[in-house]
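Take a look at the model below. We will walk through its sheet and some of its helices, one step at a time.

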Amino acid sequence: MRIDCHMHLNGGPLQWGWDNNDRIIEAADRLEIDQLCCSIPIVRGMPTMDEVRACNDAVLEAMRRYRGRILGYCYVCPGWAESIGEIERCLGQGMMGIKLYNQYRLSDPAVRPTIEKAIRERAPILMHAGYLSPEHLAKQPNISNAADFAHVAREYPEAMLIEAHIGGGGDWEWAIKQLRQAPSVYLDTSGSVIDDGMIEMALREVGADRLLFGTDMSMEAGVGKVLGAEMSAEDRDKVFYRNMAAILARR
């Protein structure tokens, strides 16, 4: 079995490059991905609340259309008072987690109510993250990095935090090292970067129990980097599905 912990859909105000969601399911079938945990975040600027709701409505529609295959993250801007109500609305309709992008850093005090809500709901938080060069950081000044995750994990060790795309967030070696002392933080394997030794270093430094298979639109590369990494069959099962299945069971 394979559970993709980090994928996106087309819908609402955003198109992610796939011409339609049927093609995503077709690709998942070919790659033997049983379930995809999906969101539609606004990736540039600060969206309106209407745009946030439209994104989540599109995910809810996909969950109904592809029942059992698409699992939904509720995307919110955590600094807004309306976000708690939106989380309640989406989780109440069957979503399994919360998606945060780059509008607020995870360590910003404005995010605390969202983290506390996630803890009460036993819902994971998947957050866009990266340790970027100054040039790229200027385009995403509020992007979180592994140090933010480690800081929040010390304050909220019971939170299920997933740092997104180790293969798409800049300096992945730095990120892995930061998470060695944050045992409650998960790391997903997604992103288009397929550097040799990346998965092996993550396994060595944070352990197979904290690594989650994800694609973040790079579906063939996402599967291939896990299949090609040097690890035991037991650890590969943990990465491909057992770890994420345990998170879903807590929800």
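Which residues of helix α9 (residues 219-228) are buried? They are Met219, Gly222, Val223, Lys225 and Val226. Buried means under 20% relative accessible area, exposed means over 50%, and partly exposed lies in between (1.4 Å probe, protein chains only). Seen down the axis of α9, these buried residues fall within an arc of 160°, so they line one face of the helix. The arc is that of the directions from the helix axis to the C-beta atoms. The face turned away from the buried side of α9 carries the exposed residues Glu220 and Gly228.

A word on the ground rules. This is a predicted model, in which local features need pLDDT of at least 70 and side-chain atom pairs count only at pLDDT 80 or more, while totals for chains, interfaces and linings use all residues. Residues are numbered from 1 along each chain as its sequence is written, and side-chain values use heavy atoms, with hydrogens and water left out. Helices (H or I, at least four residues) and strands (E, at least two) are DSSP runs, numbered from the N terminus.

What covers the buried residues of α9? The cover includes β1 (3-8), α1 (21-30), β2 (35-39), α8 (198-206) and α10 (233-250). Take α10 from that list. The axes of α9 and α10 come within 10 Å and cross at roughly 160°. That makes α9 roughly antiparallel to α10. Axes are lines fitted to C-alpha atoms, for helices over the stretch in contact, and angles run from 0 to 180 degrees between N-to-C directions. Angles under 35 degrees count as roughly parallel, over 145 as roughly antiparallel, 65 to 115 as roughly perpendicular and the rest as oblique. Which residues meet here? Val223, Val226 and Leu227 in α9 meet Arg236, Val239 and Phe240 in α10. Contact means heavy atoms within 4.5 Å.

Now turn to the sheet. It is open, has 8 strands and shows parallel pairing, in the order β1-β2-β3-β4-β5-β6-β7-β8. β1 and β8 (211-212) stand at the edges, each with a single partner strand, so one side of each is left without a neighbour in the sheet. The partners β1 and β2 pair in the parallel sense over 4 bridges. Two strands pair if DSSP finds at least two bridges between them. Asp4 has Leu36 in β2 as its bridge partner. Helix α6 (residues 146-155) packs on the sheet and touches β5 (125-127), β6 (161-163) and β7 (185-188). The direction of α6 makes about 170° with that of β6.

Next, look at strand β4 (residues 97-100). In a regular strand the side chains alternate between the two faces of the sheet. In β4 both faces are covered: Gly97 and Lys99 on one side are buried, and so are Ile98 and Leu100 on the other. Strand β3 (residues 70-75) runs parallel to β4, joined by 3 bridges. Tyr73 stands opposite Gly97 in β4. Gly97 counts as buried because its relative accessibility is 0%. Gly72, Tyr73, Cys74, Leu91, Ala123 and Pro124 touch Gly97, not counting residues up to four places away in sequence.

One more helix pair remains. Helix α2 (residues 49-65) and helix α3 (residues 82-92) pack at an angle of about 15°, with their axes 11 Å apart. That makes α2 roughly parallel to α3.
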